[in-house]
Amino acid sequence: MSDQADTTGGADELGATVAALTADDIEPARRRQLLTRMVGQARSRGIADLFKPRAAIRWMVDTVTEIAPHIQVRDLATLRRHFPGLDDTALADRLIRNAARTTAGVGAAGGGVAAVEWTVAPTLLSAPVLLAAETVAVVAVELKLVGELHEVYGVPLAESGGQRTVALVHSWSTQRGVNPMVPGVGVGAVLGTAARKELRDTLLRRFGRNLTTLGPFLTGAAVASFLNRRATRQMAEQLQADLRRRGIARPAPPSALPGPPTGT
């Protein structure tokens, strides 16, 4: 019982850290702090053999499915409050821009953490943990973006937590919008069937890309930042095109709303 409670508590703490990393406007120092904390939490969960690709991918698949329910997706009303005066297209573009900036920031933060890790030779063993943690953090940002783009284009996601998690992960893996006419499946589908394979294959591509940024000090930070930004934009633009085709056409909000957008 205590082991199960410890596992659940660890997942909750890791989920809270990852959720904080998805914020649009955190300072670089705070982002490095959160990523460092995430690496520490990953180590405390008994991670081993992450130099082996299968072990790394298995850990990332398990971790993404654990933290996905903790990601706070803003509904349309909240997005309208945060970004007043924007029509659907402008709002979607702003969300994509902000998410791309955030994942670029995660890549830069990973370079900052790596600079510390590479100063002492024995800690080189933590490099795969850092790359796996960075990949999960980037996926979390993109899962949030996936959910919010569905809100903007009027394509509803399931209300229940488990169904919503499945929808987010499946949409991210396939870069396609959720079809509300197709009956949902349980979380077990993500954990044990084709949806899990889609998630694993997509994570494998992302992790493989991140391996190319590994280097001493900050040599990989600029590359990681650029690649993260580009990958987030590519994913979002493909999803956006699909959501436009199936979304609900809504009139633009009134142009007389006071003040400029409050979001960044």
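Biologist: Which residues is threonine 103 in contact with, leaving aside its neighbours within four places in sequence?
Modeller: This is a predicted model. In it, threonine 103 is in contact with Val138, Val141, Glu142, Asn228, Arg229 and Thr232. Threonine 103 itself lies in helix α5.

Biologist: Why is threonine 103 called buried?
Modeller: Its relative accessibility is 0%. Buried means under 20%. Therefore threonine 103 counts as buried.

Biologist: Glycine 105 is also found in helix α5, residues 88-117. What makes glycine 105 buried?
Modeller: Its relative accessible area is 14%. The cut-off is under 20%. So glycine 105 is buried.

Biologist: How far is the C-alpha atom of glycine 105 from that of aspartate 24?
Modeller: The two C-alpha atoms are separated by 9.9 Å. Along the chain, the residues are 81 apart.

Biologist: Where does arginine 74 lie?
Modeller: In the loop between α3 (53-67) and α4 (76-82).

Biologist: Why does arginine 74 count as buried?
Modeller: Its relative accessibility is 14%. Buried means under 20%. So arginine 74 passes as buried.

Biologist: What makes the pairing of arginine 74 with glutamate 148 a polar contact?
Modeller: The side chains make that contact at 2.8 Å. The limit is within 3.5 Å, for N or O atoms, with one able to donate a hydrogen and the other to accept it. The side chain of arginine 74 also makes a polar contact with the side chain of histidine 82, at 3.2 Å. Beyond four places in sequence, the contacts of arginine 74 include Asp24, Leu95 and Lys144.

Biologist: Why is aspartate 201 called partly exposed?
Modeller: Its relative accessibility is 24%. Buried means under 20% and exposed means over 50%, with partly exposed in between. So aspartate 201 counts as partly exposed. Its place is in helix α9, residues 194-211.

Biologist: Which separation do the C-alpha atoms of aspartate 201 and isoleucine 57 have?
Modeller: They are separated by 8.7 Å. The residues are 144 apart along the chain.

Biologist: How do you know that the span of helix α2 agrees with its number of residues?
Modeller: Helix α2 covers residues 28-44, which is 17 residues. At 1.5 Å a residue, the helix should span 24 Å. Its end C-alpha atoms are 24 Å apart, so the two values agree.

Biologist: Which residues of α2 are buried?
Modeller: They are Arg31, Leu34, Leu35, Met38, Val39, Gln41 and Ala42.

Biologist: What makes these buried residues line one face of α2?
Modeller: Look down the helix axis. The buried residues fall within an arc of 165°, so they line one face.

Biologist: How many helices and strands does the protein chain have?
Modeller: Ten helices and zero strands. Of its 264 residues, 48% count as buried. The chain exposes about 12600 Å², and carbon and sulfur atoms supply 59% of that.

Biologist: Where is confidence lowest, and where is it highest?
Modeller: Helix α8, residues 187-192, is lowest, with a mean of 41. Helix α4 is highest, at 93. Over residues 181-192 the pLDDT is below 50, yet this stretch has 17 contacts in the model beyond near neighbours in sequence. Residues 1-7 also stay under 50, with one contact beyond four places in sequence. The chain averages a pLDDT of 74, and 63% of the residues score at least 70.

Technical notes. Residues numbered from 1 in each chain as written. Predicted model: local features only at pLDDT ≥ 70, side-chain atom pairs only at ≥ 80, totals over all residues. Heavy atoms only, no water. Helix = DSSP H or I, 4+ residues; strand = E, 2+ residues; numbered from the N terminus. Buried < 20%, exposed > 50% of the residue type's maximum accessible area, 1.4 Å probe, protein only. Contact = heavy atoms within 4.5 Å. Areas by Shrake-Rupley, 256 points an atom, 1.4 Å probe, with all protein chains shown as cover. Expected span 1.5 Å × (residues − 1). Arc of directions from axis to C-beta. pLDDT = per-residue confidence, 0-100.
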